[in-house]
Amino acid sequence: MNVLILGAGLMQKPAILAAKELGYKACVIDADDSAVAIPFADSFRKIDLKDREGILSYAKELKSDGGLAAVFTAGTDFSASVSYVTDALGLPAHSFEAALNASSKTRMRGCFEKENVPSPKYTGVNSDFLSNPLSYEDFTEKYFSNTETALVVKPIDNMGGRGCRMVRNASEFIPAIKDAVSNSRSGNAVVEEYMDGDEYSIDALVFDGQLVVTGFALRHIKYPPYFIEIGHTMSAELNKDVHDELISTFALGVKALGLTHGVAKADIKYTKKGAMIGEIAGRLSGGYMSGWTFPYASGMNLTKNALLLALGKQPEDAITARIPVDFKAPKLNPSAEKPMDLFEIPCSKFSAERAWISIPGTVKNVLNLDKARSISNIKDVMERATVKKGGKVDFPRNNVSKCGNVITQNDTYLEAVKTAESAVSSIVIELEKNNPETDKFLKGETEDYEKSFPPSAYEIDQETINSLKGICQKDEKISLYLSEDFKNGRYSKVKDWNYNTVLETVEKVSLLRPCHPSFELADFFKCLFRGGIQGALYFLDCL
């Protein structure tokens with residue numbers, strides 16, 4: 001009997017393995033015939049995940065050749081393609097209509113608005129708007145006159161943060177809409193008010209009038225105007241009232257979208273107004289949560305349980321392990337009634353995922369991957385395919401352009417965070433010298449439409465910077481020139497995006513480049529403060 005799995009990337013590998021573990025033939029489709037998970041599948045067919053008719057035709061072929069037990073995806077934005085096929089063939093899944101609601105951010109917002117589910121004020125735009133656009137001032141007055149926050153622009157039908165960014169002023173407005181529209185498969189974008197508050201990811205199984213939370217993580221988002229998730233930590237630690245309100249608001253959103261059988265994933269914030277939903281998808285999360293950090297934290301194979309639902313079977317492991325969650329109406333809708341029975345799978349351990357990132361340039365070498373893997377409680381160190389000699393790297397503007405990820409399994413929240421940051425801090429990407437993009441970054445040049453982005457590795461006051469002057473002699477240890485501010489004072493605990501302090505960076509540079517010519521300290525530290533260890537090594541290599 002066959003199981004059809006949409007997607008053959010790394011995020012789909014757990015689904016392929018789960019199907020085979022359950023005794024089914026894993027039949028995988030993807031538009032990329034070199035996708036990394038293809039070797040794990042029993043069969044592969046090159047089909048674009050947007051091609052619903054093509055997928056349905058292949059599904060019928062599988063049904064007549066051995067039978068088709070389920071259609072499934074995880075970590076893709078094509079739950080609607082799944083439901084299109086399952087509706088046609090009478091297989092268990094969310095309805096196609098509900099999947100469409102959970103795939104288009106404007107449809108989603110409309111469902112939430114109709115059912116009074118807390119979410120941001122919004123309006124839709126498309127490419128026609130760009131031919132005769134309103135000014136930023138007129139636009140905000142027309143659609144967001146009572147909003148006190150910045151705006152957020154995103155494509156209505158993409159994932160991974162592609163084309164998603166904050167708009168803080170007029171110069172960022174049109175470039176943001178152009179970027180969002182160009183990243184939308186349908187050419188449509190949504191503009192919404194920015195929600196200020198901690199952000200969480202929640203996965204859940206939805207079946208038989210129940211929502212069973214299978215992962216509750218704190219997301220770590222940085223680097224405006226973009227929303228770069230530098231990692232998440234499972235499980236989030238927060239008080240019971242906030243915890244219950246977030247889950248309850250998620251459940252209200254699930255009901256509003258019409259999701260009834262399968263999985264659901266929420267990006268949700270807790271603001272000063274209370275819980276507010278960013279978005280809900282009718283699939284398991286990507287970003288290593290459903291297939292990695294939740295299994296490490298809980299000991300449960302979530303993908304296997306989700307696939308059981310797609311097979312029309314009961315997720316027995318989840319049913320056995322679940323505990324009840326109290327319904328708590330959101331502050332923005334205190335009269336809301338409990339939409340379904342609420343449960344959660346408790347986690348006995350903690351798992352942290354953290355990304356490592358690079359400044360712009362061309363990779364010369366990647367150091368210490370094996371060292372990172374050898375750190376106790378590190379479960380995975382995964383680098384992107386482009387992070388190799390000659391590969392192009394850049395500071396990320398979305399969640400698919402980071403360099404790699406590390407994942408831990410620990411007994412406490414703090415240990416999980418510390419272990420992940422330690423692994424990331426050990427990895428170094430050396431860059432080829434004399435690169436115009438690296439030079440531009442180190443000079444601090446940024447575009448008007450993304451002012452102050454990319455950020456500097458360290459924010460140091462000008463007086464301290466001015467004090468770092470003189471000549472470092474040939475082969476001299478650079479740390480000799482650091483003041484107490486960096487050793488034991490106010491900058492001693494300030495870290496860059498890869499979790500190195502200034503002192504740690506200087507000491508690592510001395511180990512990697514013990515032999516160097518004489519140089520101006522002011523020029524060296526300018527590159528170090530801007531680009532971290534990469535900037536410092538690049539400076540020395542260009543001498």
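Guide: What follows goes from the chain as a whole to helix H18. This is a predicted model, in which local features need pLDDT of at least 70, side-chain atom pairs count only at pLDDT 80 or more, and totals for chains, interfaces and linings use all residues. Residues are numbered from 1 along each chain as its sequence is written, and side-chain values use heavy atoms, with hydrogens and water left out.

The chain has 19 helices and 23 strands, these being DSSP runs (helices H or I, at least four residues; strands E, at least two) numbered from the N terminus. Its radius of gyration is 24 Å, close to the 24 Å from the globule rule for 543 residues, so the chain is as compact as a globular protein of that length; the radius is taken over C-alpha atoms, and the rule is 2.2 Å times the number of residues to the power 0.38. Of the 543 residues, 58% are buried, meaning under 20% relative accessible area with a 1.4 Å probe, protein chains only.

Helix H18 spans residues 502–512, and its buried residues are Val 502, Leu 503, Thr 505, Val 506, Val 509 and Ser 510. They cover an arc of only 165 degrees around the axis, which puts them on the same side of H18; the arc is that of the directions from the helix axis to the C-beta atoms. An α-helix has 3.6 residues a turn, so residues three or four places apart point the same way. The cover over the buried residues of H18 includes helix H17 (484–487) and helix H19 (521–541), where contact means heavy atoms within 4.5 Å.

Conventions. Buried means under 20% relative accessible area, exposed over 50%, partly exposed in between (1.4 Å probe, protein chains only).
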